Amino acid sequence: MGIAPAQARSLQCAPFAREVSGIDIHGNANTWWGQAAGRYDRGTAPEVGAVMAFKATRAMPVGHVAMVSKVVSGREVLLTHANWSRRGGIERDVRAVDVSAAGDWSEVRVWFAGIGDLGTSSYPLAGFIYAGKAPTTIESEAPLAPLTIATSAVVPVGGAVPAAR
């Protein structure tokens with residue numbers, strides 16, 4: 001019986017973004033924005049450590065997620081992400097520029113290795129998911145609410161237990 005070698009897998013953006021940002025969301029990138037609602041703060045301003053959530057497009061049907069590694073200016077950030085320029089490849093500190101008409105980070109262009117500059121396509125964003133708010137968990141030390149239990153058991157009166165009949 002032989003041992004088969006491990007199969008190489010291509011690194012995807014979502015598991016990589018989860019690992020580098022600490023944001024515990026699973027599934028395709030285009031589901032992250034919705035899944036973050038009520039679990040993590042979300043917004044339209046980039047912050048270091050936040051995940052930039054791209055909307056799905058025809059060219060990118062499962063969206064994309066990338067972590068903001070540096071805010072350069074009000075309209076430029078550096079991203080750390082996987083599976084963008086090269087299948088399964090990791091890119092650190094690459095440029096992303098807000099190209100939205102309103103300057104609201106609703107559309108960006110991202111550095112692309114194939115041309116060594118910002119790519120020629122623009123991509124719509126859902127927004128930023130902020131890592132500072134962790135998912136809510138149930139506290140194991142939380143006091144329990146009072147509970148009334150109905151019973152037909154005999155209750156001691158004045159410290160004495162009535163004799164059984």
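Reader: How many aromatic pairs does a search of the whole structure find?
Author: This is a predicted model, in which local features need pLDDT of at least 70 and side-chain atom pairs count only at pLDDT 80 or more, whereas totals for chains, interfaces and linings use all residues. Residues are numbered from 1 along each chain as its sequence is written, and side-chain values use heavy atoms, with hydrogens and water left out. Rings of Phe, Tyr and Trp (its six-membered ring) form a pair if their centres lie within 6.5 Å. By this rule, the number of aromatic pairs in the whole structure is four.

Reader: Are the rings of Trp84 and Tyr123 stacked or edge-to-face?
Author: Planes under 30 degrees apart count as stacked, those over 60 as edge-to-face and the rest as tilted. The ring centres of Trp84 and Tyr123 are 5.1 Å apart and the planes stand at 70 degrees, so the pair is edge-to-face.

Reader: How many residues apart in sequence are the parts that Trp84 and Tyr123 tie together?
Author: Helices (H or I, at least four residues) and strands (E, at least two) are DSSP runs, numbered from the N terminus. Trp84 belongs to the loop between strand 4 and strand 5 (90–98), while Tyr123 belongs to strand 8 (residues 123–129). The pair therefore ties together parts whose separation in sequence is 39 residues.

Reader: Is Tyr123 buried or exposed?
Author: Buried means under 20% relative accessible area, exposed means over 50%, and partly exposed lies in between (1.4 Å probe, protein chains only). Trp84 is buried, with a relative accessible area of 14%. Tyr123 has 18% relative accessibility, so Tyr123 also counts as buried.

Reader: What is the angle between the planes of the rings of Trp105 and Phe128?
Author: The rings of Trp105 and Phe128 have their centres 5.8 Å apart, and the pair is edge-to-face. Trp105 lies in the loop between strand 5 and strand 6 (107–112) and Phe128 in strand 8, so the pair ties together parts 23 residues apart in sequence. Trp105 is buried at 4% relative accessibility, and Phe128 is buried at 0%. The angle between the two planes is 75 degrees.

Reader: Which residues touch Glu91 and are they listed apart from its neighbours in sequence; in particular, which residue joins Glu91 in a polar contact of 2.5 Å?
Author: Contact means heavy atoms within 4.5 Å, and, not counting residues up to four places away in sequence, Glu91 touches Leu79, Thr80, His81, Trp84, Ser85, Trp111 and Ala113. A polar contact is a pair of N or O atoms within 3.5 Å; within protein, one must be able to donate a hydrogen and the other to accept it, and residues adjacent in sequence count only if both atoms are side-chain atoms. The side chain that joins that of Glu91 in a polar contact of 2.5 Å is that of Ser85.

Reader: Which side chain of opposite charge is nearest to Glu91?
Author: Lys and Arg count as positive and Asp and Glu as negative, while His and the chain ends are not counted. A salt bridge is a side-chain nitrogen of Lys or Arg within 4 Å of a carboxyl oxygen of Asp or Glu. Glu91, in strand 5, is buried yet has no salt bridge. At 4.6 Å, the nearest side chain of opposite charge is Arg86.

Reader: With which residue does Asp98 form a salt bridge?
Author: A search of the whole structure finds two salt bridges. In the one formed by Asp98, the closest N and O atoms are 3.3 Å apart.

Reader: How far apart are the closest N and O atoms of Glu76 and Arg95?
Author: Glu76 is buried, with a relative accessible area of 19%, and Arg95 is partly exposed, with 31%. In the salt bridge of Glu76 with Arg95, the distance between the closest N and O atoms is 2.8 Å.

Reader: Which side chain makes a polar contact with the side chain of Thr80?
Author: Thr80 is found in strand 4 (residues 76–82) and counts as buried at 6% relative accessibility. A polar atom of its side chain lies 3.5 Å from the backbone nitrogen of Asp93. At 3.4 Å, the side chain in polar contact with that of Thr80 is Ser69.
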